[in-house]
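Reader: I would like to learn how to read helix packing and sheet order in a model. Please start with a pair of helices.

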Amino acid sequence: MSINKKNVRNFCIVAHIDHGKSTLADRLMEKTGQVSERDMEEQLLDSMDLERERGITIKLTPVRMFYKAKNGEEYIFNLIDTPGHVDFTYEVSRSLKACEGAILIVDATQGVQAQTLANAYLAIDNDLEIMPVINKVDLASARPDEIATEIEDILGIDASDAPRISAKTGLNIEEVLEQIIDKIPEPRGDEDQPLKALIFDSYYDNFKGVICFVRVIDGKVKVGTKIKTFMSDKQFDVTEVGVFSPKMQPKDSLVAGEVGYIAASIKSIEDTAVGDTITTVENAAKEPLAGYKKALPMVFSGVFPLDGSKFNDLKDALLKLKLNDAALSIEPDNSAALGFGFRCGFLGLLHMDVIQERIEREFDLEIITTAPSVSYKVYKTDGEQLVIEDPTHLPPVTEIDYMEEPVINASILTPPDYVGPIMELCQYKRGVYKDMVYLDKSRVELKYVLPLNEIIYDFFDSLKSRTKGYASFDYEIAGYQRSDLVKLDMLLNGDICDALSIIVHKDKAYERGRQIAEKLKEVIPRQMFEIPIQAAVGGKIIARETVKAFRKDVLAKCYGGDVTRKKKLLEKQKEGKKKMRSIGTVEIPSEAFIQILKTDSDK
Amino acid sequence: MAGLYIHVPFCKQKCTYCDFASYPREIGKVESYFACLYREIEGRAKQYENTKIETVYIGGGTPSFVDSKFIAGALRQVRKCFEVSSDAEITVELNPGTVDKAKIDEYKSVGVNRFSIGLQTGFDDQLKRLNRIHTAKDFLLSTNLLKGENISADLLIGLHDQTAEEVFKSIELAIAGGVKHLSVYALTPEVGTPIYTDYLNGELLSDDETADIYEKVTEYLKDKGFYRYEVSNFAIPGYESKHNLNYWRRGEYIGVGVSASSFMAGRRFTNTFKIDEYINAVIYNKSPEISSDIIEGEDAKFEKIMLALRTAEGLSVKEFNEEFSADFMREYKEVLDKKHKYLDINDGRIKIKDEYLYVQNDVLLDFMKE
């Protein structure tokens, strides 16, 4: 079956978080009969438990829909869902490359938000046609007229005829479907040219091998076609092609303009990098499509299995996650305290959180993560320049000329009442004030330059507690800045615990050292000897706490005859001990590390 | 050579900390219980033929709460079914307030030669709070009936607001009553007992406070001529409980009655905790056991170590090597090195140093093989 490109529309939906993207996608599928209302699990696209729970989209999910338009013709819509959070900008740009247009959803009560802007600009950068939609008009506080003006003023996009919808109730969804046909261009590309298919996502299937999610730009691919990618020399025979509806549905072929998947018994995930171009072995395309800008991890953390023997399981889990998350960086790590594990790089804090939760849920592994760190630039006195992601790799103080730390441009939206507390917080976090704009009577945007290492350490929680949850926070990396940084070590009974070392600003070292020492005192169980806990900077002790030796750890109840019970009690105690990590002479329960990392400064 | 334990699961009322098999409302079953007990004694004697009994211990519950004829009957049955050595140590537990001269005379007539009195504390308000049935004065009335006898007493530490001085006073009271052996147990709040609520509400002493009292009490008793021969047991030399020492030395013993534990021929087994189940099992010639484990290999070795390290005499390396055809010093070299600070290794014996006896679990755990 040949398809008429004129009747295909490839688009994505972009929006600020919680503006109703997934709900609209669900509604579109329902209206096009893709899913019956009855069968519909709420927010179908967010298929990961995690996504549904957090109300965010992380992975890309394409869906193919059929729509019979009012002009009588039938259309194929390929919707590619995109993640909404700033940490996943990279993934958004991946899916945009596979589309011709983007539906921009704006919440009729909140208006244009930070991510509305960022995603709209991203879409414009990718030459997409933007189709604004005003959502949540059913709410009492909806201001659709004002919002339409706002879209025009801020984004420069005509919103006069933007559909005013309620994705929740289904109001005016048909108008959205009709506008998709009118406003979003038909696919570019030529079926008769050599094959060029952009891999925008992939995952590993135990039976079929790697499944590549592709947008066919030029040419045609079908079962039996010999294919190769531009980055790898290997050749593969296509075993299956198909589309998403939204479940995978095999098809004879995929042609220019279509979005679907290709399976070709590809064993290794490295052979099909996301962003690579697939072409045919014979009559190959001369050049690949423009790929993606590599996303650089900004936040780093050690990830270790709670049970040391699960190292290989953790490795497998991380590799599988990396398969379709190019932004995740992994390298083997070895900590004296935590054993073998990995040092992982993430795009941001949410990305880190999501990866950690996915490891625990999808792979059923318990993990310990070390305090998040950022990458520092170290300029040594001998002229050498280093990038340090792990505090334990920092050279001795005497060899360091100076250091630089990454900073961010932060934008905080808040009701005016909380401006004071937020400014206090930003000042405490070493922020530099840049600007304050009243967006309207109820919203102020504060702009600060803040060191990233202050953000990764409980900034969100502090912001939330100071603003009763009303403020929203967004940031982008804004380069490096010279800073007076020191390495803070924690010593237990005289031994440095490498997993607890952090790099902090000189002025914060004392406070952080004291906090961590206090927390350690709480979580380290008493042992047979007194344990001094010390915080040290460059060999100088700046804080000290003590865990007293325990005084009673004995089975001291009567009835000597029941030896079995005594033994059982000891066995139970031994089980508990197995979960401990030894740091020098001191034993620490693994959970303690997690507790320590959750140190909150807002006491 | 073995010990024999007889359990009497009856008492007047439950103490607030008690989670032992003892049932105040089941007193109507005394006759049938003892009938079954006699049968179990007979059965065990057949099962473990030619076992010579060196010690007998009648515990509970409150053995002195039931008519002394049952206790006497049990001992006669033991003598009938087993060979009992002529110098056997035969102990019966008493509660002050449940004894009179006739009872004690009957006990003595069947060979009881050691009396263990549950004093717990010498303070009436504390006794009342524990739901004990007696007063401090009752204790002295009991010991008056036992002049010249080998008497032991139990004391508890860790009670509500208890001070070391109060425990000293209780000890003085016990000594005044002629006690030559003292067991000092740390109150252990178990789930399901009334005192557990007090524990949850923080009304009992903390472990640190209890340990503090324990240390002071150990010193105090030393001054009074009582040496600590096991974690919780103190005696004037020569008055140690042979029955208990047999437990720590991993000797054999037979336990009869509900909840009683035995260790015979490498097997540890425990009887049901329920009186009805026990009676039914015995009547129908079924086993009253609810658990049975053959102890061998590393398990047996660990038991030997775990039990021996509770005592002042410690573990004899020679005895261990002979018993298990092992080389203790080589096999446990790693632990001995790691924990040498807490151990005394002298004259072929391994002991936990006095000052670490009350924090010994951590040392024991290292001896436990994975």
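**Helix packing and sheet order**

Author: In this predicted model, helix H1 (residues 30-47) of chain B packs against helix H10 (residues 275-283) of chain B at an angle of about 50°, with the axes 9 Å apart.

Reader: What describes two packed helices?

Author: The angle between their axes and the distance between the axes describe two packed helices. Here, H1(B) and H10(B) are therefore oblique to each other. The crossing of H1(B) past H10(B) is left-handed.

Reader: Which residues in H1(B) and H10(B) meet?

Author: From H1(B) come B:Ser32, B:Tyr33, B:Cys36, B:Arg39 and B:Glu40; they meet B:Ile275, B:Tyr278, B:Ile279, B:Val282 and B:Ile283 in H10(B). The residues of this contact comprise seven nonpolar, one polar and two charged.

Reader: Now the sheet. How do strands of a sheet pair?

Author: Strands pair through backbone hydrogen bonds, either parallel or antiparallel. In chain A, five strands make an open sheet with mixed pairing, in the order S2-S3-S1-S4-S5. Strand S2 (62-68) and strand S5 (129-135) of chain A are the edges, each pairing on one side only. On average, neighbouring strands of this sheet are turned by 30° against each other, direction ignored.

Reader: In which sense do S2(A) and strand S3 of chain A pair, parallel or antiparallel?

Author: S2(A) and strand S3 (residues 74-80) of chain A are antiparallel, with seven bridges. Opposite A:Arg64 stands A:Asn78 in S3(A).

Reader: Which strands does helix H1 of chain A touch?

Author: Helix H1 (residues 21-31) of chain A packs on the sheet and touches strand S1 (8-15), S2, S3, strand S4 (101-107) and S5 of chain A. Its direction makes about 150° with that of S1(A).

How values were computed:
Residues are numbered from 1 along each chain as its sequence is written. Chains are lettered from A and ligands numbered from 1 in the order in which they are written. This is a predicted model: local features need pLDDT of at least 70, side-chain atom pairs count only at pLDDT 80 or more; totals for chains, interfaces and linings use all residues. Axes are lines fitted to C-alpha atoms, for helices over the stretch in contact, and angles run from 0 to 180 degrees between N-to-C directions. Helices (H or I, at least four residues) and strands (E, at least two) are DSSP runs, numbered from the N terminus. Angles under 35 degrees count as roughly parallel, over 145 as roughly antiparallel, 65 to 115 as roughly perpendicular and the rest as oblique. A crossing is left-handed if the near helix is turned anticlockwise from the far one by less than a right angle, and right-handed if clockwise. Two residues are in contact if their C-beta atoms, placed from the backbone, lie within 7 Å. Ala, Val, Leu, Ile, Met, Phe, Trp, Tyr, Cys and Pro count as nonpolar, Asp, Glu, Lys and Arg as charged, and the others, Gly among them, as polar. Two strands pair if DSSP finds at least two bridges between them.
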